[in-house]
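Open the model in your viewer and keep the selection tool at hand. The tour moves from one selection to the next and says what is found at each.

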Amino acid sequence: MNQFGGNWTEQKIEMVVSYAKAYLIIMNKYPQFKSLYFDGFAGSGDINQNDETDIDAIKGTAIRILEINDPKSFDRYYFVEKDEKNKSELENTIKQNFPNKLFHVVAEDCNVKLESMATFLTKNPSYRTLAFIDPYGMSVDWKSIQGLRNLGVDLWILVPTGMGINRLLKNDGKISDAWLGKLERFLGLDKEYILNHFYKEKKNLTLFGEETFLEKEQNAIEKSGALYKERLKTVFKFVSESFVMKNSTNSIMYHFMMATNNATALKIANDVIKPKYKN
Ligand SMILES: C[S@@+](CC[C@H](N)C(=O)[O-])C[C@H]1O[C@@H](n2cnc3c(N)ncnc32)[C@H](O)[C@@H]1O
């Protein structure tokens, strides 16, 4: 059982499930295409929401997606879950409850399987894919996303803006090489670009002359959400608005967005996000 929570967990599941239902209604009209659901951080099948006073288990996204049959199911499901125990739990649940569905569950790193998926889709152009990438942190490398260019993929991705990027962007700009490397891999940008984007160079007149120092942009988290959206636009034609997830102290933790090459898909994603956005 996975343990994490916040009511955005449920909102996120609802958004992906609503989108998947609309997606399958459309796919049902195009029998020449095969549909694949790819889940890069699939979890164990259920989620233990621990809000300190009450532990409430809810079905994870993988199971909610497998439950959709009307007007059709996905033709295939591919679940990636790095943790062996979670992987076995998910596999057993699916075997027991969905014996007739064509599925694979693999214990691997999502980056490896995103690359394999890109190769598969290039060789099998009749497949259309709904991909859900739901990491805790900055574990998805930009080059894995870049590999999806020109493929029939609609990608829902949770971007750890406050939880990840912003935590590495130290206030004084003195970021270790290891952290800069992580930012570079995650954003697919070099460190000069990243530092210029998030910091302003300031000057101080001191007793020993002028000293320069870096000042971090006030709205670095919002800027990182906007930057990731711009990065996705270099791979996909369209990127949705973001559903912004905040913690109890009103700090932004994640931006959740959808990237696609299809204008109708973009509209559906924005419709799915908008009502939640307003709340
Ligand atoms: C946020 S949970 C997933 C919840 C799930 N998407 C859901 O909605 O039910 C993240 C999961 O990703 C797994 N994980 C962590 N790093 C991974 C990686 N690099 N590749 C694949 N899975 C990973 C963790 O073991 C964990 O179960």
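Which residues in the largest nonpolar core touch the most other members? Select Ile 145, Leu 155, Ile 157, Leu 169, Tyr 228, Leu 232 and Phe 236: of the 43 residues in this core, these touch the most other members. Note before going on that the model is predicted. Now select residues 110–123, which form helix α4; this helix gives the most to the core, with 5 residues.

Go back to Tyr 228 and show what surrounds it. Leaving aside neighbours within four places in sequence, Tyr 228 is in contact with Trp 142, Ile 145, Ile 157, Val 159, Phe 186 and Leu 187.

Glu 91 touches Phe 103 and Val 105, not counting residues up to four places away in sequence. Glu 91 is part of helix α3, residues 84–97. Is Glu 91 buried or exposed? Its relative accessibility is 18%, so it counts as buried, the cut-off being under 20%.

Next, select the ligand. The ligand is surrounded by 19 residues, and the closest are Phe 41, Thr 61, Glu 81, Cys 110 and Asp 134. By class, this shell has 7 nonpolar, 6 polar and 6 charged residues.

- Phe 41: a backbone N or O atom lies 2.9 Å from a nitrogen atom of the ligand.
- Thr 61: a polar side-chain atom lies 2.5 Å from an oxygen atom of the ligand.
- Asn 86: a polar side-chain atom lies 3.2 Å from an oxygen atom of the ligand.

On its own the ligand has 610 Å² of accessible area, and the protein covers 92% of it.

The last stops concern the backbone. Most residues other than glycine have a negative phi, and most peptide bonds are trans. Select Asp 70 and Pro 71: the peptide bond from Asp 70 to Pro 71 is cis, with omega near 5°. Pro 71 sits in the loop between α2 (61–66) and β5 (76–80).

Then select Asn 150, in the loop between α5 (142–146) and β8 (153–159). Asn 150 is not a glycine, yet it has a positive phi of about 65°. Asn 150 counts as exposed because its relative accessibility is 68%, and the cut-off for exposed is over 50%.

Finish at Asn 250, in the loop between β12 (243–246) and β13 (252–260). Asn 250 has a positive phi of about 70°. With 54% relative accessibility, Asn 250 counts as exposed.

Notes:
Residues are numbered from 1 along each chain as its sequence is written. This is a predicted model: local features need pLDDT of at least 70, side-chain atom pairs count only at pLDDT 80 or more; totals for chains, interfaces and linings use all residues. Side-chain values use heavy atoms; hydrogens and water are left out. A nonpolar core is a set of buried Ala, Val, Leu, Ile, Met, Phe, Trp, Tyr and Cys residues joined through side-chain atoms within 4.5 Å. Buried means under 20% relative accessible area, exposed over 50%, partly exposed in between (1.4 Å probe, protein chains only). Helices (H or I, at least four residues) and strands (E, at least two) are DSSP runs, numbered from the N terminus. Contact means heavy atoms within 4.5 Å. A residue is near a molecule or strand if one of its heavy atoms lies within 4 Å of it. A polar contact is a pair of N or O atoms within 3.5 Å; within protein, one must be able to donate a hydrogen and the other to accept it, and residues adjacent in sequence count only if both atoms are side-chain atoms. Accessible areas come from the Shrake-Rupley method with a 1.4 Å probe; for residues, only the protein chains shown count as cover. Ala, Val, Leu, Ile, Met, Phe, Trp, Tyr, Cys and Pro count as nonpolar, Asp, Glu, Lys and Arg as charged, and the others, Gly among them, as polar.
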